[in-house]
Amino acid sequence: MGKLALTAVVSVLVAMSVAVAWAEEPVSPTVVVSIKPLHFLVSGVMEGVAEPQLLVKGGGSPHDYAMRPSEARMLASAALIVWVGPQLESFLAKPLTTLGQKARLLEFGKILEPHLLPVREGGAWSSEVHAHHIHSEQQQLARDPHFWLNPQLA
């Protein structure tokens, strides 16, 4: 699939998910986005409709994040939750089964899986603390869920 076609497909999926959430909630839909790269994409699609809420703020890492009660309330009130998936945000897997039950889920990891880069090993990736957290999770996946690192997907 070409770069433009893939971008169009992802944009349409986000727009459709927001539209469905909006149809179910006549007021602006409450959209919660897990991490900054996704928040940037979703904000662009939702421009003029509403501002999505960001779950992992500041310098927080989705690899070892611990949710606050206020963030759990955000999930519980969301009409749409956009995330990469359990391979990157394992902290969200369980809360989504309880807190996010009424929300629609848009999981980028599933949508983009065939286009993800292989997991990188060695070099800076093996010496970083970041690599330690994701290595065991991604070892069995063989695909890197950080899709924004792929120039064609970014």
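Glutamate 71 and arginine 68 pair in a salt bridge, and their closest N and O atoms are 3.8 Å apart. This is a predicted model. Glutamate 71 is buried, because its relative accessible area is 2%, under the 20% cut-off. Arginine 68 is exposed, because its relative accessibility of 53% is over 50%. Side chains of opposite charge can pair when their charged atoms come close.

How many salt bridges does the count come to? The count is two. The other one joins the side chains of glutamate 107 and lysine 110, at 4.0 Å from N to O. Again, take each partner in turn. Glutamate 107 has a relative accessible area of 16%, so this residue is buried. Lysine 110 has a relative accessible area of 63%, so this residue is exposed.

Now turn to helix H4, which spans residues 90-98. Which of its residues are buried? They are Phe91, Leu92, Pro95 and Leu96. These four lie on the same side of H4, because they cover an arc of only 115° around the axis. An α-helix has 3.6 residues a turn, so residues three or four places apart point the same way. The other side of H4 carries Lys94 and Thr98, which are exposed. What covers the buried residues of H4? The cover includes helix H3 (69-77), strand E3 (80-83) and strand E4 (104-107).

End at tryptophan 148. This residue lies in the segment after helix H7 (129-139). Is tryptophan 148 buried, exposed or partly exposed? Its relative accessibility is 26%, so tryptophan 148 counts as partly exposed. Leucine 117 is 31 residues away from tryptophan 148 in sequence. In space, the two are 9.8 Å apart, C-alpha to C-alpha.

How values were computed
Residues are numbered from 1 along each chain as its sequence is written. This is a predicted model: local features need pLDDT of at least 70, side-chain atom pairs count only at pLDDT 80 or more; totals for chains, interfaces and linings use all residues. Side-chain values use heavy atoms; hydrogens and water are left out. Helices (H or I, at least four residues) and strands (E, at least two) are DSSP runs, numbered from the N terminus. Buried means under 20% relative accessible area, exposed over 50%, partly exposed in between (1.4 Å probe, protein chains only). The arc is that of the directions from the helix axis to the C-beta atoms. Contact means heavy atoms within 4.5 Å.
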